[in-house]
Amino acid sequence: VQLQASGGGLVQAGGSLRLSCKVSGGILSINFMGWYRQAPGKQREFVAHFTNVGSINYANSVKGRFTISRDNAKNMVYLQMNSLKPEDTAVYYCNAWLKDDSTAPSRQYWGQGTLVTVSS
C-alpha cells in the first residue's frame, strides 16, 4: 500500500492550494482517510479527515477555510486550502486507516508529505 501526496508549493497569504493524495495497492477497505500537518519545530497535528461512517472532521484552526473531498472510485482524497495563512506553513501528510489483509485489523499508513509554504 502506498499513499502519494502532491500539490504543495509556495503561495502568498490569502491564496489557495489544492492537495491530492492517491492510495494504491491491495486495499480491501478504507476506514479513515485525511490529512495531518507538521510545522517546523512542532508536533504533527490533525487537519481533516473522513471517518469510517462518512462524516467529516476538521481541526478548529482550518474550519471554514479548508475543504476535504474524495473520489472513492479512484481512492483519492483532496484538500482544498483557501485563505491560507503563514501559520498554515507545514509539511502536509496524507493519512489512512485501511485494511489490506483479510486476516488482520486495519492499519495506519502515511504518505511522504508535501510542503506547503505560505508567505506573508
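**Rings, strands and core**

Modeller: Ring pairs link Tyr36, Phe46, Tyr93 and Trp110 into a cluster. Rings of Phe, Tyr and Trp (its six-membered ring) pair here if their centres lie within 6.5 Å; planes under 30 degrees apart count as stacked, over 60 as edge-to-face and the rest as tilted. Before we go on: this is a predicted model, local features need pLDDT of at least 70, side-chain atom pairs count only at pLDDT 80 or more, and totals for chains, interfaces and linings use all residues. Residues are numbered from 1 along each chain as its sequence is written, and side-chain values use heavy atoms, with hydrogens and water left out.

Biologist: How many aromatic pairs does that rule give?

Modeller: A pair of aromatic rings is described by the distance of the centres and the angle of the planes. Go through the model by that rule and the count is three aromatic pairs.

Biologist: Why is the pair of Tyr36 and Trp110 given its class, and which class is it?

Modeller: The ring centres of Tyr36 and Trp110 are 5.1 Å apart. Their planes stand at 75 degrees, so this pair is edge-to-face.

Biologist: How many residues apart in sequence are the parts that Tyr36 and Trp110 tie together?

Modeller: Strands here are DSSP E runs of at least two residues, numbered from the N terminus (helices are H or I runs of at least four). Tyr36 lies in strand β4 and Trp110 in strand β10, so the parts tied together are apart in sequence by 74 residues.

Biologist: What is the relative accessible area of Trp110?

Modeller: Buried means under 20% relative accessible area, exposed over 50%, partly exposed in between (1.4 Å probe, protein chains only). Tyr36 is partly exposed at 21%. Trp110 is also partly exposed, and its relative accessible area is 34%.

Biologist: What angle lies between the planes of Tyr93 and Trp110?

Modeller: Tyr93, in strand β9, and Trp110, in strand β10, are 17 residues apart. Tyr93 is buried, with a relative accessible area of 14%. The two rings form an edge-to-face pair, 6.4 Å centre to centre, and the angle between the planes is 90 degrees.

Biologist: Which residue has its charged end over the ring of Trp110?

Modeller: A charge sits over a ring if NZ of Lys or CZ of Arg is within 6 Å of the ring centre and within 35 degrees of the ring normal. Elsewhere, Arg70 lies over the face of Phe50 at 4.2 Å from the ring centre. Over Trp110, at 4.5 Å from the ring centre, the residue is Arg44.

Biologist: How many bridges pair β4 with β9?

Modeller: Two strands pair if DSSP finds at least two bridges between them. Strand β9 (residues 90-99) joins β10 (residues 107-110) through four antiparallel bridges, and β11 (residues 114-119) through three. With β4 (residues 29-38), where Ser29 stands opposite Lys99, the antiparallel bridges number nine.

Biologist: Which strands are at the edges of the open sheet?

Modeller: The open sheet has four strands in the order β1-β3-β8-β7, with antiparallel pairing. Each edge strand pairs on one side only, and these strands are β1 (2-6) and β7 (66-71).

Biologist: Which residue of β3 stands opposite Gln4?

Modeller: Strand β1 and strand β3 (residues 17-24) run antiparallel, joined by five bridges. In that pairing, the residue opposite Gln4 is Lys22.

Biologist: How far apart in space are Asn95 and Ala48, C-alpha to C-alpha?

Modeller: Asn95 lies in strand β9 and is buried, with a relative accessible area of 4%. Contact means heavy atoms within 4.5 Å; not counting residues up to four places away in sequence, Asn95 touches several residues, among them Leu3, Tyr36 and Trp110. Asn95 and Ala48 are 47 residues apart in sequence, and their C-alpha to C-alpha distance is 9.8 Å.
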